[in-house]
Amino acid sequence: MKTLAERIAVEAETWTGTPFYPRQAIKGAGCDCVAMALAIYQRAGAVPPTVELPAGYKVGNSDHLDRSLVLDWLSGSGLFNPVAEWPSSGDLVVFRVGRVVHHCGVMLDGHDFMSVTRGYAARRYDIRDSTWHNRFAGAWRPCALNGEG
């Protein structure tokens with residue numbers, strides 16, 4: 001039987017090749033980073049299927065807001081806790097894009113995470129790459145993962 005972290009990583013990999021499309025999470029058809037991450041956690045059983053995207057969330061919010069709707073949602077959801085150590089498989093990693101934290105991905109292993117960006121399909125990225133490393137703003141662990149190894 002797979003652990004929850006393994007189920008999250010396996011589900012994340014199944015999104016590979018899904019094209020970018022704002023505010024959608026339709027595997028193989030279109031998704032953005034936040035909607036895809038939420039769908040991954042829901043399908044793996046880490047987050048209830050009734051949970052919705054952050055209120056007011058739009059792809060371009062990071063260009064003009066002073067507060068991150070993504071961080072506000074994470075901290076107020078009761079579903080994720082901030083991670084003090086290096087992120088591990090199943091964790092949500094967040095990145096500063098524009099003025100605030102507004103991009104995310106799901107950690108697959110020690111250095112790779114799954115995400116999707118405007119103009120590209122969902123794929124593995126290496127967090128050590130300067131594009132991501134310089135924008136890395138932390139990680140959040142699904143509460144359902146607490147206690148799993």
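For ring pairs I took rings of Phe, Tyr and Trp (its six-membered ring) with centres within 6.5 Å, calling planes under 30 degrees apart stacked, over 60 edge-to-face and the rest tilted. The model is predicted, so I kept local features at pLDDT of at least 70 and side-chain atom pairs at pLDDT 80 or more, while totals for chains, interfaces and linings use all residues. Residues count from 1 along each chain as its sequence is written, and side-chain values use heavy atoms, with hydrogens and water left out.

**Rings.** I searched the whole structure and got nine aromatic pairs. One of them is Trp73 with Phe80, tilted, at 6.1 Å centre to centre and 55 degrees between the planes. Next I looked at Phe95 and Phe136: their planes sit at 65 degrees with centres 6.0 Å apart, so I noted the pair as edge-to-face. Phe95 is in strand 4 (residues 92-97) and Phe136 in strand 8 (residues 136-142), so this pair ties together parts 41 residues apart in sequence. (Strands are DSSP runs of E, at least two residues; helices are H or I, at least four; both are numbered from the N terminus.) Ring pairs also link Phe95 and Phe136 into a cluster with Trp86, Phe113, Tyr125 and Trp132.

**Burial.** My cut-offs were buried under 20% relative accessible area, exposed over 50%, partly exposed in between (1.4 Å probe, protein chains only). Phe95 comes out buried at 0%, Phe80 buried at 5%, and Phe136 partly exposed at 27%.

**Contacts.** I checked Met36 last, taking contact as heavy atoms within 4.5 Å. Leaving out residues up to four places away in sequence, Met36 touches Trp15, Gln24, Ala25, Cys31, Met114, Ser115, Val116 and Ala122.
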